Amino acid sequence: MQQFFTKSEQVHNIIKGFNLTKTLFVSSIIIGEEHIGKKLFVKHLFPDAPVVSGEDQGAVVDALREYDELIITDFEKLRNQESLELDNKRIIATASYIGNQTIIDDMFAFIYTLPSLKERPEDVEYIKALFIKEAASDLMLTNTNFDITAIPVNLTQNTKSLKSTIYRYLMIHSMSKNEIQDAVYSYVSEKLEGNNGYKEHLALYEKPLIEAGLKKFGSQLQLSQILGINRNTLRKKIHEHHID
Amino acid sequence: MNTTSTESENTIDFQSFLDWDNSPFILFNAAGKILYLNNAAEILFGYVSKKELYDLALAYAPHDFGYTTTTLALNYDAFTFYAITVGYENEDQISIRFYNAPRIKSNVPIERDKLVETNINLLLEANIVLFKTKNSNHLQLLTDHDIPTFKIDQNKFSKLLRKTLESFRSSDSIHITLKLLTGEHVIIAGKKKAIAQLRVEANGRYTDADEEIKNIAMHCHITHILKEKSIKLEIPLID
């Protein structure tokens with residue numbers, strides 16, 4: 001099972017609070033943005049507690065009847081929250097947002113806010129390294145000698161965007177010539193139509209070629225020499241492909 | 001201090017009746033020195049100075065020898081009185097007796113099945129941790145770790161602690177004291193219970209949650225004293 005990791009002082013304080021109330025019959029809720037590890041966090045703290053999702057109202061009601069200790073995920077998706085009887089039980093809920101402040105305030109003794117990844121920069125490097133390792137394994141990369149610092153960090157959707165950016169980056173940077181051709185083949189097979197197909201799809205090759213060339217060689221003059229084309233032709237293509 | 005004796009021709013000693021009277025009774029001499037005070041008055045002196053009560057006795061003393069009862073609203077911490085009787089029969093002694101205002105009897109029944117044996121220090125510490133995740137105010141805790149465990153609705157009581165601490169969210173310096181109130185008891189469901197007192201004070205506080213605090217406290221049979229800069233909760237140790 002994946003372990004929850006944090007170096008964030010704020011998260012450590014939340015863990016401390018949970019450890020103090022672990023044996024008590026109190027209801028707690030963790031609120032925080034999507035994809036910040038809320039479920040992993042509560043499962044890490046309460047590994048033996050049954051888990052039920054707020055997406056299934058009936059399952060939550062049944063589980064509350066059956067168990068004294070229960071993890072309810074996606075609490076914001078529950079309807080009629082106020083009708084649930086949480087008293088005298090050890091309830092740990094997670095929610096992406098507070099739907100009704102009064103209800104949450106009334107139902108839960110402990111209301112914690114788990115900071116997003118943007119607010120935990122000290123955790124990002126570790127999680128990034130973890131995802132890179134995971135991606136390298138999933139993608140069965142033979143050459144894992146890549147520059148980690150060059151991999152962009154996208155936290156717009158917390159771990160979701162961070163992870164998908166890493167996977168895409170590694171996929172793109174590990175593709176062989178044949179695989180790139182296969183990718184273009186697949187794309188073109190689907191999109192090719194009309195009577196101007198050559199020109200329309202030329203950008204697939206020319207745009208990245210010129211962009212990468214300009215970044216690598218700096219000037220249009222030098223790039224035109226490298227590409228073996230006329231400088232005016234290069235300038236025209238830069239204009240055509242809207243390259244800055 | 002319980003030195004006075006009241007003897008009639010039949011040598012009836014009334015002192016113990018006075019000692020154990022629930023209404024505070026104090027006898028001062030002309031210089032304001034205490035000649036006698038009963039047990040209830042002893043507890044009252046934990047919350048108000050001798051001088052203040054002596055001044056009160058002088059202010060409400062009858063014009064001539066004798067006794068006069070004045071109806072007035074007096075409030076010293078958790079003590080509320082609705083009247084006092086001040087009397088003197090000579091120039092040397094003056095007495096004051098306080099009439100306890102009837103406490104509003106809680107209609108909330110004790111739901112024993114919801115009460116769980118609890119270490120109050122654990123709940124308090126967890127709430128302080130929660131408070132610290134949201135606030136960076138300086139906080140000082142003085143607690144008695146020997147307070148015995150007692151039964152309480154952990155969820156409701158935690159909410160009460162959270163609301164209490166949250167009302168100090170913008171305070172500069174917060175002092176929290178948890179202690180047993182020696183010698184004080186409260187009657188819950190006909191039984192005498194010891195009291196733990198939680199006092200939170202600072203240079204000021206928010207009052208937006210006061211009604212909620214009062215409401216939850218009432219449901220937990222906890223006496224609440226909410227002031228401008230402090231909140232005091234007197235928690236019965238239900239066993």
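Domain bounds here come from an automatic or database domain assignment. On that basis, chain A splits into domain 1 (9-115), domain 2 (121-174) and domain 3 (192-240), while chain B has domain 1 (15-100) and domain 2 (112-236). The model is a predicted one, where local features need pLDDT of at least 70 and side-chain atom pairs count only at pLDDT 80 or more, though totals for chains, interfaces and linings use all residues. Residues are numbered from 1 along each chain as its sequence is written, and chains are lettered from A and ligands numbered from 1 in the order in which they are written. As for spacing, the C-alpha centres of domains 2 and 3 of chain A sit 30 Å apart; for domains 1 and 2 of chain B the figure is 31 Å.

Next, the interface. With contact taken as C-beta atoms, placed from the backbone, within 7 Å, chain A puts in 16 residues and chain B 15 residues. On the chain A side, α1 (9-21) and β5 (110-113) each supply at least two residues, and α1(A) gives the most, with seven residues. Helices (H or I, at least four residues) and strands (E, at least two) are DSSP runs, numbered from the N terminus. Helix α1 of chain A also holds A:N19.

Over in chain B, five strands make an open, mixed sheet in the order β7-β9-β10-β12-β11. Its edge strands, each pairing on one side only, are β7 (138-143) and β11 (223-226). Pairing calls for at least two DSSP bridges between two strands. β7(B) runs parallel to β9 (residues 173-188) of chain B, and six bridges join them; B:Q140 has B:H175 in β9(B) as its bridge partner.

Helix α6 (residues 210-219) lies across β11 and β12 (230-236), at about 160 degrees to β11(B), with axes fitted to C-alpha atoms, for helices over the stretch in contact, and angles running from 0 to 180 degrees between N-to-C directions. Helix α4 (residues 120-134) has 15 residues and should span 21 Å at 1.5 Å a residue, which agrees with the 22 Å between its end C-alpha atoms; the expected span is 1.5 Å times one less than the number of residues. Buried residues of α4(B) include B:L123, B:N127 and B:F131.

Definitions and conventions. Two residues are in contact if their C-beta atoms, placed from the backbone, lie within 7 Å. A residue is buried if 20 or more other C-beta atoms lie within 10 Å of its own, exposed if 12 or fewer, and partly exposed in between; C-beta atoms are placed from the backbone.
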